[in-house]
Amino acid sequence: MEPTPERKKGVQAYWYLLLLPIFAVLSVVEFYPLAYGVYLSLTGPTGGLTLSNYSQMVADRNFWNSVAVSLTYSSFSTALAIVLGLGLTFLVTQEVKGRRIFEAIFILPMAAAPIMVGIVWGPAAVWDDFQTFSHFVLGLPYFQEVQILFYFPVMAFSEGWEWAPLMMLVSLSIMRSTPKEIYEAARLHGATSWQQFKMITVPAVLGSPVMQFVILLRFIDAMRAFEIPLSWSTWVGFETSVGSPVDTLSLYLYKLLFIPSFGFPLPMVSAIAVALLVVTLVSATIMMRLLGSIGR
Amino acid sequence: MKSQDEGKAASPKQATGRHPERRGNRLLLYTAFILATLYSLYPIVAVALDGMDLNLAALFAGNQLVYIAGVPFHQGAWTFNPIAYVDALTFNAFPARVTNSLIIGGIAVSTALVVGIPVSYALARVDIKGKSVVSFVLLALRTVSPFAVVVPLYIFFNQIGLWDTYPGVALAELLLVLTVVVWMVKGFFADIPKQIYEAASMSGASEGQIFRRVALPMVIQGIVITAIFGFILVWNEYLISVIMTGPFTKPVSVGVWSGLGATNKTPDFVELEAAGTLAFIPAAIVMLAIRKYLAKGFSLGAAK
């Protein structure tokens, strides 16, 4: 029984009605501020349309510094999260007693707020004990925590530490939808559990559009990382200076706005934030594609 | 290099006898488990203990204070001193932050549910024109730099007096939770078999009735899980909160870093650790309770 055209039209209108409330809310709390930000970025010091904020941004060495910092930080931490997550996946898929409990333990870092992660992996928490152990037990000299070769990898590592459990959970969910027969066959051919993991699980997980989607999302989130670099800017003494190796894009913008000596350069901050929308548009396009291939 | 004989000899006694694995591998595996457990738990435990001045370094060195590059290191002190925890929990400091977080999270999540559930339902059920535009906008909001939205919002809310008010902060947090809520609930709606809608339609139910009486009750558990998940996101969120809140609405996440009192200050490290631990415990309990759904939540429903 085909619905009559009028009824069909009414039904169509019903679906658009469902979209109305979110559109109203988004207009006030997202679209209007975004438009206002674009307007601010195009406004000169004496009013009037200008591109000078953008040329100022392009000429700003500290801006390019934070782009480089964010890209490095994001690549490192995402790669670490994948590697660590796959390692945890290997462990919890082994047939040992109490692996459910271990799975629960391995999830815990994800429950820590990012600001807490900045605290737990800070010099005065974990590294305090570590320094004492390596100095008094192993007899090694103290290492300098304010050196970039120490703190930058630790920052990226702690971001990876927090999100490795997510990679584990996603890998496990992909493994559940991988046919069991493949593992059975591998086992019958005498493959060890490590070989099964290396030759079946890893390719299946990394080849899955679900995992690729999660990796992309994680990379974008790490590009916006703020709390861990904020805490490290305190630990290594970059609270009030810009252009340092801990200044991710978010931290740089935050410092520009909230350190009084920079004079609240709102137009330039808006220009950078608007320019970053390019990243958003590209990533959202890729995410749409991936979601399409997942069929969701 | 594997020794088949040893594997065969060991296997009948083991519960996992199907694996032709050596005992040495087993030992290696248990070592890996211990290391992975330390890696996951030790930093958190160390901070929780540091908050009570219980410094594990005391195992290796006596009580001494060493300065390394100007940073003081307690080289161990076995003096149990829970003053930071007691301080946080009394003087109304931590409870006040928790109340704020609960109110902000509650308003943000319930608003996201009210405006988001109809959208998830529409996206899961029909192919209407403009569906891909809606999806794209929501995904883009998930990846936008907070500064592009929250800073103009901060100025706007300051003008109309919404800055440092519960509704103002909660509305700003929608940037974080709205996409997550829509996508996660959409996943639950998509799990409903098509035949159910067809049957309801055949028996004469209108679209409105199908939504309220058929679809909604079937995903109620999913909605509760989504709400809990969205709430943890707000609980742990820092950047939007620190811009949008002042002395009145200051939540837990901001209090962990800038002191639990109403005004911001640089707190003592032990205070940070105690407050951080107190904020972590409820988040960890809740996350473990919904851990089957975490992959779904963090992947916007892409993972099942």
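Residues are numbered from 1 along each chain as its sequence is written, and chains are lettered from A in the order in which they are written. Because the model is predicted, local features need pLDDT of at least 70 and side-chain atom pairs count only at pLDDT 80 or more, while totals for chains, interfaces and linings use all residues; side-chain values use heavy atoms, with hydrogens and water left out.

The contact (heavy atoms within 4.5 Å) between the two chains involves 109 residues from chain A and 107 residues from chain B. About 9800 Å² is buried between chain A and chain B, 75% of it on carbon and sulfur atoms; buried area is the accessible area (1.4 Å probe) that two parts lose on being put together, summed over both. One salt bridge is found across the interface, a salt bridge being a side-chain nitrogen of Lys or Arg within 4 Å of a carboxyl oxygen of Asp or Glu. This salt bridge joins the side chains of A:D221 and B:R142, at 2.8 Å from N to O. On the side of chain A that touches chain B, helix 1 (residues 5-41) gives the most, with 21 residues; helices are DSSP runs of H or I with at least four residues, numbered from the N terminus. The residues of that side comprise 80 nonpolar, 17 polar and 12 charged, where Ala, Val, Leu, Ile, Met, Phe, Trp, Tyr, Cys and Pro count as nonpolar, Asp, Glu, Lys and Arg as charged, and the others, Gly among them, as polar.

A nonpolar core is a set of buried Ala, Val, Leu, Ile, Met, Phe, Trp, Tyr and Cys residues joined through side-chain atoms within 4.5 Å. The largest such core has 196 residues, of which A:W232 and B:F189 touch the most other members. Beyond four places in sequence, the contacts of A:W232 include A:W121, A:F150, A:Y151 and A:V246. A second, separate core of five residues includes A:M175, A:Y183, A:A191 and A:I200.

A:T89, in helix 3 (residues 61-92) of chain A, is buried at a relative accessible area of 0% (buried means under 20%, with a 1.4 Å probe and protein chains only). Among the residues that A:T89 touches beyond four places in sequence are A:M168, A:L172 and A:M175.

B:I243 lies in helix 11 (residues 239-244) of chain B and counts as buried because its relative accessibility is 4%. Apart from residues up to four places away in sequence, B:I243 touches A:F258, B:F147, B:V150, B:Y154 and B:W163. B:I243 and B:L153 are 90 residues apart in sequence and 9.8 Å apart in space, C-alpha to C-alpha.

Technical notes: Helices (H or I, at least four residues) and strands (E, at least two) are DSSP runs, numbered from the N terminus. Buried means under 20% relative accessible area, exposed over 50%, partly exposed in between (1.4 Å probe, protein chains only).
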